[in-house]
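Visitor: I have a model open and would like to learn how to read its features one by one. Could you walk me through it?

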Amino acid sequence: VCRLDDMDPADVGQTVIELVEASLVVREATAARTRYAFLSPICEFAWRKLKASGEEDATSRAHATHYLAVVAKRTPGPVHASPEDLDRIAAEHDNALSAIRWTERAGDAAMALRLALGLLEYWRVRGLLCIGLWHLEMVLSMLGPEPTRGRMVMMLGAADYGQLVGDYEVAAARAHEAAECCRQLGDPIAWRAALAILGDISLARGELAQARSWYEQARVILESTPDPLGLGFWNANVGAIALREGSIDEAEMHLEKAREYLGAGQPIWYLGRVLGQLGAIALRKGRLARAETTLREALANLTLYGASVEAVECFDELGRLALEQRDPTRAATLFGAASALRDATGLGNDRLGQTDLAEAIEHVRERLSESAFASAWVEGRAFSLLDAAVFASKRAVAHIAPSPPPGSELTPREREVARL
């Protein structure tokens, strides 16, 4: 990647083999491909030698240029990244991070911006919010104050990531800056996105009337520049407000429209979120079979993209479903999986309706002994997204919780203590 002088490509393979045989390079074989890496001590030694050679900047630039091409590459056709695009970036994410960190140290704002643009959707979908937010803010600090498309996209990304992690004040400030930049640049689609993010922030804060106001302003712009994707997002936003308000029928109407719009065009990971909310509605209406089918469909979509952020809510709903199916052990495991993903992505608590969730988890605790709950919870927290999806895909079996012994009103935990 970074060799600056001429080298016969035929010599590369033999050189790598010799390095592996000398235990200077580690071979990591997977089903998809074989990768090679230095052991950490060798890597540190090689880095010191590179710095001493005076070739560090030139080599680092060659490295950054190569990985810029990797993260910028997209499958022809879809507007948003495909699962294959995201997987390719995931395989090279450490190298991409190394590249963007070098551009930040070197003060190369142009290349830092291009790398951040290439990584923006990957960070959002895979839930690397804190890492992404750090680099977006770094790039913004390197760019000038002039309204440019690059600066506008960085501000939109920082606003979106900020509201997801619960930093609402900073997120709102960035969204307002982005909206003004969009207005100056005459970009109605980006302006609409900025207004939608302001609506998301208000929704997360529980300011439902204000959220509707922001979404309605976005709708006015959408009417002048209609597109299926925009209509899908708008209906999903309004459906989320209605769901939070308890207007279940209104929520279902808008979310079904969102499902239709988002499913009609190119595949997109956001469809999984809409399906998850439709599954939540079916659960609230007591349609357990439909809820299970829809939530499984949602999880299949989210797992395909590795969409960790939206998967948190999906696993929480699957936990509620398991509770309704009288399987508290399964519920505890699913709630544990959601908890681990929430921690890994850095999601803000207010966004996820923590009061209702805490009540559901407490209901699970009441139906299990302390040790049984802890065991199931720990099992769920140890799952990766894929592990949790495989667990959730196994068909649930309805259980009837054992009744207390005659004349006893002890909870399962109290009875366990009594037995001890």
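**Reading the model**

Guide: Let's start at a helix end: α8 is followed by G166, whose phi is positive, near 90°. Helices (H or I, at least four residues) and strands (E, at least two) are DSSP runs, numbered from the N terminus. Before we go on, this is a predicted model, where local features need pLDDT of at least 70 and side-chain atom pairs count only at pLDDT 80 or more, while totals for chains, interfaces and linings use all residues. Residues are numbered from 1 along each chain as its sequence is written, and side-chain values use heavy atoms, with hydrogens and water left out.

Visitor: How many helices and strands are there in the chain?

Guide: The chain has 21 helices and two strands.

Visitor: Back to α8, then. What span should its 17 residues have?

Guide: The expected span of a helix is 1.5 Å times one less than its number of residues. For α8 (residues 149–165) that gives 24 Å, and the end C-alpha atoms are 24 Å apart, which agrees.

Visitor: Is α8 enclosed or open to the outside?

Guide: Burial goes by relative accessible area: buried is under 20%, exposed over 50%, partly exposed in between (1.4 Å probe, protein chains only). In α8, 15 of the 17 residues are buried, so the helix is largely enclosed by the rest of the structure. Across the chain of 420 residues, buried ones make up 47%.

Visitor: You mentioned phi. Where does a residue other than glycine have a positive value?

Guide: Most residues other than glycine have a negative phi. Here R326 has a positive one, near 65°, and R326 sits in the loop between α16 and α17.

Visitor: Now the charged side chains. How many salt bridges does the count come to?

Guide: Side chains of opposite charge can pair when their charged atoms come close. The rule is a side-chain nitrogen of Lys or Arg within 4 Å of a carboxyl oxygen of Asp or Glu. By that rule, there are 29 salt bridges.

Visitor: Which residue pairs with D108?

Guide: That's R61, with the closest N and O atoms 2.9 Å apart. This pair links distant parts of the chain, 47 residues apart: D108 is in the loop between α5 (93–106) and α6 (109–126), and R61 is in helix α3 (residues 56–72). D108 is buried at 16% relative accessible area, whereas R61 is partly exposed at 37%.

Visitor: What does R284 meet in a salt bridge?

Guide: R284 meets E317, at 3.2 Å from N to O. R284 lies in helix α14 (residues 270–284) and E317 in helix α16 (residues 308–324), so the pair ties together parts 33 residues apart in sequence. R284 is partly exposed at 45%, while E317 is buried at 10%.

Guide: Another bridge joins D343 and R381, whose closest N and O atoms are 3.0 Å apart. D343 belongs to helix α17 (residues 328–345) and R381 to helix α19 (residues 370–381), so this pair ties together parts 38 residues apart in sequence. There is also a network: salt bridges that share partners join D249, E252, E256, K285, R287 and R290.

Visitor: Which helix supplies the largest share of the lining of the largest cavity?

Guide: On a 1 Å grid over the protein atoms alone, a cavity is a set of points where a 1.4 Å probe fits but cannot get out, and lining residues have an atom within 4 Å of a point. The largest share, three residues, comes from α16. Ten residues line this cavity, with E292, L318, L321, Q325 and R330 nearest its centre.

Key. On a 1 Å grid over the protein atoms alone, a cavity is a set of points where a 1.4 Å probe fits but cannot get out, and a pocket is an open set with protein on both sides within 12 Å along at least five of seven lines; lining residues have an atom within 4 Å of a point.
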